[in-house]
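I opened this notebook to keep track of what I looked up, one entry at a time. The sequence and the structure come before my notes.

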Amino acid sequence: MTKRSLSAASWGLSATAAGVLLLVGCSGSVGIGTSTPEVSKDKLADTVAERLAATTGQTKPDVTCPEALEGKADATTRCTLTAADGSTLGVTVTVSAVDGDNVDFDIKADDTPTPAS
């Protein structure tokens with residue numbers, strides 16, 4: 001099987017083609033066993049990457065998130081998708097609901113990638 005590497009521009013186009021799902025919200029849900037719900041930055045990055053791959057039908061991208069996501073409605077954080085060519089695409093993650101220790105969130109990729117330096 002041949003593995004393709006995609007630039008962030010390709011991801012941006014794919015995200016736009018997937019359109020409604022990313023705009024309305026590709027969503028994820030993570031259960032955490034703490035009294036104050038929070039999704040760790042590593043778990044968040046992994047879940048965002050899995051959801052973007054599932055939504056676009058492409059391979060799982062490299063996603064990093066600089067901070068944990070607080071389990072409060074409308075809390076947001078920004079993550080970064082880095083493509084094989086070094087270009088990046090910003091991703092906004094917003095909490096849509098919290099039920100006990102389950103944190104549901106929506107994911108929206110930016111429309112325009114940043115070229116590699």
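What share of the contacts in the protein with a separation of 6 or more is accounted for by residues 24 or more positions apart? I noted first that I am working from a predicted model, and then found that such residues account for 56% of those contacts.

Overall layout. I counted three helices and seven strands in the protein, and, reading from the N terminus on, I wrote their order down as α-α-β-β-α-β-β-β-β-β. Of the 117 residues, 40% count as buried, while the protein exposes about 6400 Å², with carbon and sulfur atoms supplying 49% of that area.

The core. I then looked up the largest nonpolar core, which has 20 residues, and listed those with the most contacts inside it as Leu44, Val48, Val63, Val91, Val93 and Phe105. At least two residues of this core come from each of α3 (41–56), β5 (76–82), β6 (88–99) and β7 (102–109), and α3 gives the largest share, five residues. For leucine 44 I checked the partners beyond four places away in sequence, and these are Val39, Cys65, Glu67, Leu69, Thr77, Cys79, Val93 and Phe105.

Notes. Residues numbered from 1 in each chain as written. Predicted model: local features only at pLDDT ≥ 70, side-chain atom pairs only at ≥ 80, totals over all residues. Heavy atoms only, no water. Core = buried A, V, L, I, M, F, W, Y, C linked by side-chain atoms within 4.5 Å. Buried < 20%, exposed > 50% of the residue type's maximum accessible area, 1.4 Å probe, protein only. Helix = DSSP H or I, 4+ residues; strand = E, 2+ residues; numbered from the N terminus. Contact = heavy atoms within 4.5 Å. Areas by Shrake-Rupley, 256 points an atom, 1.4 Å probe, with all protein chains shown as cover.
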